[in-house]
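This report covers the fold, the surface and two individual residues of one protein chain. The sequence and the structure come before the details.

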Amino acid sequence: MTSPRAVRPHSTARHLLLIGLAAIGLAAAALLAQFVTSADAAHAEDTGTIAGTVSAPAGLALPDQMSFSLSRDGSYYYGGSSGYAPSTGTFTLAGLPAGSYTLQYYPYSYSSSAPSYLSGWYGGTSQDSATTITVTAGATSTANITLTAGGKISGTITAPAGLALPDQVSFSLYRDGSYYYGS
């Protein structure tokens with residue numbers, strides 16, 4: 001038969017030790033939080049922003065969405081936050097380390113009746129001919145983008161007599177070394 005274990009009351013010294021360890025832990029957490037906040041502030045001072053306005057050809061609506069890719073030193077890079085406002089066409093790419101960048105953009109809309117636009121490079125037709133944007137810590141560099149209207153391909157898909165059309169049809173186009181997909 002097992003006898004119940006005696007419960008020993010904690011000594012005052014042990015309680016003080018535990019309270020001391022908890023206080024040290026709280027102090028370390030507070031110090032770490034202050035360090036992280038200071039590091040974030042220092043990081044913000046070491047970064048810059050690219051901002052601009054997207055313009056559509058006369059009479060055409062701005063796209064619903066814009067995606068951006070940045071290239072830095074020949075490699076794709078994006079480490080900042082972005083924002084695009086379709087109502088005004090303004091965009092901001094923030095939190096970028098100081099340096100030289102090229103900017104590629106991808107406009108798209110959700111409606112099939114919306115205008116189509118070509119993706120492109122800021123100030124050029126390829127990465128090699130794109131205008132370099134210099135980002136300086138604590139400053140905003142401007143890159144205004146004028147979109148080029150693209151075309152649309154439309155048609156009717158028919159099935160041979162007696163066969164039903166599939167529920168969905170996908171396609172791909174190839175142009176100048178790039179594939180374009182749709183459905």
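## Fold

The chain contains 1 helix and 12 strands, where helices (H or I, at least four residues) and strands (E, at least two) are DSSP runs, numbered from the N terminus. In sequence order the pattern is α-β-β-β-β-β-β-β-β-β-β-β-β.

This is a predicted model, in which local features need pLDDT of at least 70 and side-chain atom pairs count only at pLDDT 80 or more, while totals for chains, interfaces and linings use all residues. Residues are numbered from 1 along each chain as its sequence is written, and side-chain values use heavy atoms, with hydrogens and water left out.

## Contacts and burial

Among contacts (heavy atoms within 4.5 Å) with a separation of 6 or more, 65% join residues 24 or more positions apart.

Of the 183 residues, 20% count as buried. Buried means under 20% relative accessible area, exposed over 50%, and partly exposed in between (1.4 Å probe, protein chains only).

## Surface

The accessible surface of the chain is about 12,700 Å², and carbon and sulfur atoms supply 57% of that area. Accessible areas come from the Shrake-Rupley method with a 1.4 Å probe; for residues, only the protein chains shown count as cover.

## Two residues

Phe171 lies in strand 11, residues 171–175. Phe171 counts as partly exposed because its relative accessibility is 43%.

Thr125 sits in the loop between strand 7 (120–121) and strand 8 (133–135). With 76% relative accessibility, Thr125 counts as exposed. Thr125 and Gln104 are 21 residues apart in sequence, and their C-alpha atoms are 9.8 Å apart.
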